[in-house]
Amino acid sequence: MSADPRVSIHPDSSVLLAAIAARLITKLVDTQDRYGEATIVLTGGTMGIGTLRAVADSPACRAVDWSKVNVWWGDERFVEADSSDRNTVQAEEALLGRLPLDPARVHRPGAAGDFATADDAAADYARRLAEAASAEHESELPGGVRGVPRFDVLLLGVGPDAHVASLFPEMAGIRETERTVVGVENAPKPPPARISLTLPAIKSADEVWMLVAGEDKAGAVGLALAGAGAVHVPAAGARGRTRTLWLIDAAAAAKVPQELVRKEPASA
Ligand SMILES: O=C(O)[C@H](O)[C@@H](O)[C@H](O)[C@H](O)COP(=O)(O)O
């Protein structure tokens with residue numbers, strides 16, 4: 001089972017980022033109250049990294065016990081380890097470098113230089129995910145997904161072509177049904193070589209949050225929420241098991257089907 005999308009619209013991208021940061025901090029604190037730890041899956045791009053900066057800027061950031069947060073990435077660009085193109089490097093600069101994280105809980109996908117191909121790095125990342133998986137958690141997952149730990153919250157940006165993570169429309173990655181991680185070559189968004197969680201791995205997450213701002217995304221958001229097929233519109237297929245939350249600004253919401261937009265209660 002996966003959760004139907006819920007849409008929350010904010011006036012502009014700066015309000016949106018502050019709201020996402022507040023929700024994320026609360027989610028991590030709540031999850032730690034329940035499980036003693038929390039697991040987050042990060043993404044790249046303007047919204048993914050902007051969210052991390054907004055968390056860093058929030059005074060509530062220190063409410064989270066960062067030493068008990070597990071960090072994974074939904075996708076990574078397959079370039080040298082110190083390249084500023086790496087999502088991990090950008091995340092480090094935006095937030096992670098300032099936090100008292102436990103290095104053993106931070107799981108960076110492999111880099112070019114350490115692996116010959118994106119496929120090799122993807123296989124290594126899949127192996128590490130499987131090592132972190134527990135039989136108890138896997139037994140809760142529908143559809144036979146195996147080899148992933150519990151993801152409490154998985155963040156995704158959305159491209160103008162409706163890609164999520166590094167799963168691009170019509171390409172092999174979005175069609176993958178068995179593996180949890182794929183290597184990607186010839187991605188239409190540079191850099192061309194990437195590593196990505198697959199849709200089955202993304203859909204194993206408890207909560208999936210889609211972070212989207214800007215009018216250039218309105219078409220993709222509208223199609224995804226109107227129920228398009230995932231091969232053509234990858235964002236349509238990204239759902240969490242208990243929650244699928246679209247956190248978007250007004251410009252990105254221009255083509256959202258009206259029945260999905262939460263109406264404000266009429267004032268008395
Ligand atoms: O590494 C990447 O490029 C991403 O993970 C990618 O999926 C990104 O999240 C979207 O392209 C949205 O990016 P923006 O928020 O910049 O539009």
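**Strands, core and ligand shell in a predicted model**

Student: In this predicted model, how many bridges join β5 to β8?

Tutor: Strands β5 and β8 run parallel. One of their bridges pairs Leu155 with Trp209 in β8. The number of bridges joining β5 to β8 is five.

Student: In the open sheet of six strands, what is the strand order?

Tutor: The pairing in this sheet is parallel. Its edge strands, each pairing on one side only, are β1 (5-10) and β3 (69-73). From one strand to the next, the twist averages 20°. The order is β1-β9-β8-β5-β2-β3.

Student: Which residue in β3 is the bridge partner of Ala38?

Tutor: Strand β2 covers residues 38-42 and runs parallel to β3. Five bridges join the two strands. Within β3, the partner of Ala38 is Val69.

Student: Which residue in β5 is the bridge partner of Ile40?

Tutor: Strands β2 and β5 are also parallel, and two bridges join them. The partner of Ile40 in β5 is Val153.

Student: How many residues of β5 are buried?

Tutor: Strand β5 points Val153, Leu155 and Gly157 one way, while Leu154 and Leu156 point the other way. In a regular strand, side chains alternate between the two faces of the sheet. Residues on both sides of β5 are buried, and the count of buried residues is five of five.

Student: Which element gives the most to the shell around the ligand?

Tutor: The ligand is surrounded by 16 residues, and the closest are Gly44, Gly45, Thr46, Met47 and Gly157. Both α2 (45-57) and β4 (75-77) supply at least two residues of this shell. With four residues, the element that gives the most is α2.

Student: By class, how many residues of the shell around the ligand are polar?

Tutor: The shell includes four nonpolar residues and three charged ones. Its polar residues number nine.

Student: How many residues does the largest nonpolar core have?

Tutor: In soluble globular proteins, nonpolar side chains tend to be buried together. Here, the residues with the most contacts inside the largest core are Leu156, Met210, Val212, Val221 and Ala235. Leaving aside neighbours within four places in sequence, Met210 is in contact with Leu156, Val158, Ala235, Ala238, Trp246 and Leu247. The number of residues in this core is 76.

Student: Which residue in β7 is the bridge partner of Val182?

Tutor: Strand β6 (residues 181-184) runs antiparallel to β7 (residues 194-197), and four bridges join them. From β6, Val182 and Val184 point one way, Val181 and Gly183 point the other way, and all are buried. The partner of Val182 in β7 is Ser196.

Student: Why is Glu138 classed as partly exposed?

Tutor: Glu138 belongs to helix α5 (residues 135-140). Not counting residues up to four places away in sequence, Glu138 touches Ala133 and Arg146. A residue is buried with 20 or more other C-beta atoms within 10 Å and exposed with 12 or fewer. Glu138 is partly exposed because the number of other C-beta atoms within 10 Å is 17.

Student: How many Å apart in space are Glu138 and Glu176, C-alpha to C-alpha?

Tutor: In sequence, Glu138 and Glu176 are 38 residues apart. In space, their C-alpha to C-alpha distance is 19 Å.

Note on methods
Residues are numbered from 1 along each chain as its sequence is written. This is a predicted model: local features need pLDDT of at least 70, side-chain atom pairs count only at pLDDT 80 or more; totals for chains, interfaces and linings use all residues. A residue is near a molecule or strand if its C-beta atom, placed from the backbone, lies within 6 Å of it. Ala, Val, Leu, Ile, Met, Phe, Trp, Tyr, Cys and Pro count as nonpolar, Asp, Glu, Lys and Arg as charged, and the others, Gly among them, as polar. A nonpolar core is a set of buried Ala, Val, Leu, Ile, Met, Phe, Trp, Tyr and Cys residues joined through C-beta atoms within 7 Å. Two residues are in contact if their C-beta atoms, placed from the backbone, lie within 7 Å. Two strands pair if DSSP finds at least two bridges between them. Axes are lines fitted to C-alpha atoms, for helices over the stretch in contact, and angles run from 0 to 180 degrees between N-to-C directions.
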